[in-house]
Amino acid sequence: MSALIQDEGLQVVVQQKILDDQVVWRSWQWQETKPIMLVLIKQTQYIGLLSDDETTRLVRNYVSETNQYGSLVIGYLASTETSNWFEQQWLPELVRLTRQAARVVIGTGSWSLNKVAGKRRFQMYLKACRQAQLSHKLTWLLDDGGCKVVPQVLKGGRWYMGPVDN
C-alpha cells in the first residue's frame, strides 16, 4: 500500500455496515472507476471504523498492491451467532455485495468443528449465491499447494485462487 500512500491526491473512503452492534462488512474505496473485490473471512470485527487487525491489513495490502481493484470489501462471517438473524439480515447484505463485486475471494480456509455456526452461515451464503446465479464470481483463497487458507497463512505473499465447486 506504500505506493498508494505516496500519492497526495489519494482519497480513501472507509465505510462499515453494522447490524445490532456487529460489523457485517468494512470497505475501502480509493478509485471509483476500478472494480470491487469482496473478501469473506471467518472472524469477528469490532466496531471502530479505523480499527485494524492483522488479517485486515494483509488483505487490504494485497488488494491495493495488485492495482486491479479500486475498492475492497471485507465480509465478516463469524460475527453473529444466530442463524435466523444471519439469514434474514446478513445474508441479503452479503449477496448484494457479491452482485457488486467483480471477484469474491473466500479466505476462510477449512472449517473446524468449533466453527460449526460459521460453516452453516457460509453454506447458506453459497446456496444463496447459486440461486442468484452468482457462483461464477466465487473463488477460494489457496496456498501454492492448492489448499484452502486464511489470509494470515500467506503472510503477505502471493495469493492463488481457485473456483468454488458448483
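The following questions and answers go through the terms used for this predicted model.

Me: What makes up the protein chain, in helices and strands?
Reply: There are five helices and seven strands. Along the sequence they follow the pattern α-β-β-β-α-β-α-β-α-β-α-β.

Me: How many residues does the protein chain have, and what share is buried?
Reply: The chain has 166 residues, and 48% of them are buried. The label applies because the relative accessible area of such a residue is under 20%. The chain as a whole exposes about 8,900 Å², and carbon and sulfur atoms supply 47% of that.

Me: Why is Glu93 called buried?
Reply: Its relative accessible area is 12%. The cut-off for buried is under 20%. The value falls below the cut-off, so Glu93 counts as buried. Glu93 lies in helix α3, residues 83-100.

Me: What makes the link between Glu93 and Arg96 a polar contact?
Reply: The two side chains come to 2.6 Å of each other. A polar contact needs a pair of N or O atoms within 3.5 Å, so the distance passes. Leaving out residues up to four places away in sequence, Glu93 also touches Lys17, Val24 and Trp25. Those are called contacts because heavy atoms come within 4.5 Å.

Me: Why is Asn67 called partly exposed?
Reply: Its relative accessibility is 48%. Buried means under 20% and exposed means over 50%. The value sits in between, so Asn67 is partly exposed.

Me: Where is Asn67, and what makes its phi worth a mention?
Reply: Asn67 is in the loop between α2 (54-66) and β4 (71-76). Its phi is near 60°, a positive value in a residue other than glycine. Most residues other than glycine have a negative phi. This positive phi comes just after α2.

Me: Why is Gln133 called exposed?
Reply: Its relative accessibility is 66%. The cut-off for exposed is over 50%, so Gln133 qualifies. Gln133 lies in the loop between α4 (116-131) and β6 (138-142). Gln133 is not a glycine, yet its phi is positive, at about 55°.

Me: How do you know that the length of α2 agrees with its number of residues?
Reply: α2 has 13 residues. At 1.5 Å a residue, α2 should span 18 Å. Its end C-alpha atoms are 19 Å apart, so the two values agree.

Me: Which residues of α2 are buried?
Reply: They are Thr55, Thr56, Leu58, Val59, Arg60, Tyr62, Val63 and Ser64.

Me: What is the order of the strands in the sheet?
Reply: The seven strands run β1-β2-β4-β3-β5-β6-β7 in an open sheet with mixed pairing.

Me: Why are β1 and β7 called edge strands?
Reply: β1 (13-19) and β7 (160-163) each pair on one side only. From one strand to the next, the twist averages 25°. Helix α2 packs on this sheet and touches β2, β3 (36-41), β4 and β7. The direction of α2 makes about 150° with that of β4.

Me: How do you know that β1 and β2 pair?
Reply: Two strands pair if there are at least two bridges between them. β1 and β2 (residues 22-29) have seven, in the antiparallel sense, so they count as paired. Among the partners, Gln16 bridges to Arg26 in β2, and Ile18 bridges to Val23. The hairpin has two residues between the strands, and Asp20 there takes a positive phi near 50°.

Me: How do you know that β2 and β4 pair?
Reply: They share five bridges, again at least two, so the pairing holds. Its sense is antiparallel. Ser27 stands opposite Val73 in β4.

Me: What makes β2 mostly covered?
Reply: Six of its eight residues are buried.

Me: Why is Thr33 called exposed?
Reply: Thr33 has 73% relative accessibility. Thr33 is in the loop between β2 and β3.

Me: How many residues separate Thr33 and Ser71 in sequence, and what is the distance in space?
Reply: They are 38 residues apart in sequence and 9.2 Å apart in space, C-alpha to C-alpha. Across the chain, take contacts between residues at least 6 apart in sequence: 70% of them join residues at least 24 apart.

Definitions and conventions
Residues are numbered from 1 along each chain as its sequence is written. This is a predicted model: local features need pLDDT of at least 70, side-chain atom pairs count only at pLDDT 80 or more; totals for chains, interfaces and linings use all residues. Side-chain values use heavy atoms; hydrogens and water are left out. Helices (H or I, at least four residues) and strands (E, at least two) are DSSP runs, numbered from the N terminus. Buried means under 20% relative accessible area, exposed over 50%, partly exposed in between (1.4 Å probe, protein chains only). A polar contact is a pair of N or O atoms within 3.5 Å; within protein, one must be able to donate a hydrogen and the other to accept it, and residues adjacent in sequence count only if both atoms are side-chain atoms. Accessible areas come from the Shrake-Rupley method with a 1.4 Å probe; for residues, only the protein chains shown count as cover. The expected span of a helix is 1.5 Å times one less than its number of residues. Axes are lines fitted to C-alpha atoms, for helices over the stretch in contact, and angles run from 0 to 180 degrees between N-to-C directions.
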